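Take a look at the model first.

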Amino acid sequence: MTVLIKNIKTLYGIREQENGAIRGKSLNSINTLNDAWLLIIDGIIADYGTMSNTDAWQNLSLTNLIDASGKLIIPCFVDSHTHIVFAKTRESEFVDRINGLTYEEIAANGGGILNSSAKLHLSSEDELFNTAWSRLKKCIKNGTGAIEIKSGYGLSVEDELKMLRVIKRLKTVSPIPIKATFLGAHAIPLIYKNNRAEYIHLICDEMLPLLAKEELADYCDVFCDSGFFTPEETDLILKKAKTFGLKPKIHANELGLTGGVQVGVLNEAISVDHLEHTSKIEHDILYNSNTMATMLPSTAFFLGIPYPDARAMINADLALCLASDYNPGSSPSGRMSFILSLACIRMKMTPTEALNAATINGAYALELENICGSITKGKLANLIMTQSAENIDLIPYNFGEDLIEHVFIKGEIFE
Ligand code: NIG
Ligand code: FE
């Protein structure tokens, strides 16, 4: 199948080759081509150029010719942190927070993650698959072209495996790449409240061997934060996961300066995610590492907690990434263009910085940099075509409305 998109007003995110995630001040530049064409062969970006030289495709027989006059093409978003397998929404906690309770207080009362876990226990694998699949399709419609999905609402051997099997099934039907992350250490179940060590033993010695045997996960996550898992517990779990080939990607520094960044970097985490609370100490540690600093601004928006200090992290020359954290408790949306709006409006990132963080750096945060996240020959043609627009600043500017006209997945319009 040969697809040509011609007359593109501006093609954004061109990278001739991959040579590392984008750090610091470089986040504010992006390669573009005006009055461009893009050639896609069998779902892969084959070539691009300007309309002044069309020799490369003049004699090709095209399956599909798309005229993008006045429109922009950007790489699809890479959403590197989601929890889209869940049984039920949690709007009653949303109202509880309006009435004054905090996220931690709700969790301490058996709500929050434990609430989702109780509901997930009652749901069948098929039910979970169907609802997650429809969420995933909506994410793709909104421009996501690769995604990570976590377990973590099971919190028992059977239910964690159930969630991971759902993710494995999603991988088989999904038109976009999926990475699966095991998050058995998302919360301590009530029955282990006074015996945390026993639950950690269950994670390390029962869950990990079984999920490794079925090849159900690519990464291991721990919610390392106050009221959840300590850095010492996190270290234990991550080291054990590594023996099964699972690299760390962890929740860190959402609720305080709780040592998550330190233990993540120590264990060579691919990413440390959240980072609402960081200081120069964390910035220095991240600077001296290959760990991606992933920010999830819709969680800060939805919970009313401080936003990550993106400007300080850019000044510290860190590699920054943006993701949705789509989950029923702290971010019930996977609409990445709104994540860009929050990054710009509340974290003072420029639209270009936000776009780089949500595309190519997202790909690095999932080790998918060789197949998505930019306009590069040989990568998947997972692309967003905007409506008529002058430039990409309009994407975060139009915060209530998507500027997306079409999402192309492997060169085909996703319906
Ligand atoms: O990333 N922080 C931990 N986990 C999720 C929230 C999960 C939930 O409340 O259901 C998060 O915000
Ligand atoms: Fe999360």
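Among what covers the buried residues of α10 are α9 (260–266), β11 (271–274), β12 (292–295) and α12 (310–315); covering goes by contact, meaning heavy atoms within 4.5 Å. Helices (H or I, at least four residues) and strands (E, at least two) are DSSP runs, numbered from the N terminus. This is a predicted model, where local features need pLDDT of at least 70, side-chain atom pairs count only at pLDDT 80 or more, and totals for chains, interfaces and linings use all residues. Residues are numbered from 1 along each chain as written, chains are lettered from A and ligands numbered from 1 in written order, and side-chain values use heavy atoms, leaving out hydrogens and water.

So who's tucked in? In α10 (residues 280–287), Glu282, His283 and Leu286 are buried, that is, under 20% relative accessible area, with exposed being over 50% and partly exposed in between (1.4 Å probe, protein chains only). Looking down the axis of α10, these buried residues fall within an arc of 100°, so they line one face of the helix; the arc is taken from the directions from the helix axis to the C-beta atoms. On the face turned away sit the exposed Lys280 and Ile281.

Now the rings. The whole structure has 6 aromatic pairs, meaning Phe, Tyr or Trp rings (six-membered ring for Trp) with centres within 6.5 Å; planes under 30 degrees apart are stacked, over 60 edge-to-face, the rest tilted. Tyr192 and Tyr199 have ring centres 5.3 Å apart and planes at 40°, so that pair is tilted. Tyr192 is buried at 17% relative accessibility, and Tyr199 is buried at 0%.

| Charge | Ring | Distance to ring centre |
|---|---|---|
| Arg135 | Phe86 | 3.5 Å |
| Arg196 | Phe229 | 5.9 Å |

Key:
A charge sits over a ring if NZ of Lys or CZ of Arg is within 6 Å of the ring centre and within 35 degrees of the ring normal.
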